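Trainee: Hi! Could you walk me through this one?
Mentor: Happy to, let's open it up.

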Amino acid sequence: MKTRITELFGIQHPIIQGGMHYVGFAEMAAAVSNAGGLGIITGLTQRTPELLAKEIARCRQMTDKPFGVNLTFLPALTPPDYPGYIKAIVEGGVKIVETAGNNPQKWMPLLKENGIKVIHKCTSVRHSLKAEQIGCDAVSVDGFECGGHPGEDDIPNMILLPRAADELKIPFVASGGMADGRSLVASLAMGADGINMGTRFIATKEAPVHENVKKAIVAASELDTRLVMRPLRNTERVLKNAAVERLLEKEKALGPKLQFQDIIEEVAGVYPKIMTDGDMEAGAWSCGMVVGLINDIPTCKELIDRIMKQAEDIISNRLQRFL
Ligand SMILES: Cc1cc2nc3c(=O)[nH]c(=O)nc-3n(C[C@H](O)[C@H](O)[C@H](O)COP(=O)(O)O)c2cc1C
């Protein structure tokens, strides 16, 4: 399958693995890239630019295919050393960066001077248009269903994707709720040139996370995610657990008075405990509604091959029959 996204990134299949904190290590990115998709290392999971440089080098040893690095720009009192991370990306020969969070405008000249293609993750049409305007090569349009931060507009992909298609000139991938060949064909039908998946890729053999995380994803249904931190305008979709229930109780009790300090125990520093140690009650961790469609733990190659085969079958058989 050839799309503007496979052409832009030089990949075989129009499937991207979005950056994921404490999941997007070299093993994850290499497995997706080796299976013909685009794997992405999560920049900020590496505590320093030096560690990111090592992770890029490790990934390079595991694949000769293109892979990218995610740079998430979040408001912080002491911001991470972004110039250092970009230097590690450039010196590591990585040619694709997935940006997310705040507008990446400030970093665009540096990225573009170094021949890097930028795909920015957005949760709205207006942010997607801004990304196009500042010179991003593509966008990843994240609907309300998505795991992680869906923004504050709450527009599901059935509306968001055709809206993006109507307005954008640069190619985009559909993100949030994507799991199988049906997701891919539906996204193509709505104007996207591929898909981006987060949660689905965690439940794969190669995902370098504790088995408990994979089992929790397989066991959960589409009813099991919750939105947290809405009062802080930092909404995150997470899998429900005891810590999330506690957090939601605090949100209810404190109302508009809620501050980050009140929920720090449930959200700060919890990722290593969950992803590495498998302590599933340690805190709130991002997870999409798509868990309802995830029932197994295949290899990345099995998953991607299955998606492509199902997509082809839907296009050439099921859809043809309606004509
Ligand atoms: C556990 C987890 C951690 C994530 N961490 C990040 C991150 O650090 N930066 C980022 O840009 N997106 C992050 N995301 C969002 C994904 O890259 C992707 O956009 C999202 O998962 C798509 O929705 P889906 O889960 O329905 O496929 C994360 C998602 C998950 C599930």
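Mentor: We'll chat about the ligand and then about a pair of helices.

Mentor: This is a predicted model, where local features need pLDDT of at least 70, side-chain atom pairs count only at pLDDT 80 or more, and totals for chains, interfaces and linings use all residues. Residues are numbered from 1 along each chain as its sequence is written, and side-chain values use heavy atoms, leaving out hydrogens and water.

Trainee: How many residues surround the ligand?

Mentor: 23 residues do, and the closest are G19, K121, G177, G198 and T199.

Trainee: How much of the ligand does the protein cover?

Mentor: The protein covers 93% of the 600 Å² of accessible area the ligand has on its own, by the Shrake-Rupley method with a 1.4 Å probe.

Trainee: Switching topic: at what angle do α6 and α7 cross?

Mentor: Roughly 35°, with the axes of α6 (residues 125-133) and α7 (residues 157-167) coming within 10 Å. Helices here are DSSP runs (H or I, at least four residues), and axes are lines fitted to C-alpha atoms over the stretch in contact, with angles from 0 to 180 degrees between N-to-C directions.

Trainee: Which residues of α6 make the contact?

Mentor: V125, L129 and E132, with contact meaning heavy atoms within 4.5 Å.

Conventions: Helix = DSSP H or I, 4+ residues; strand = E, 2+ residues; numbered from the N terminus. Near = heavy atom within 4 Å.
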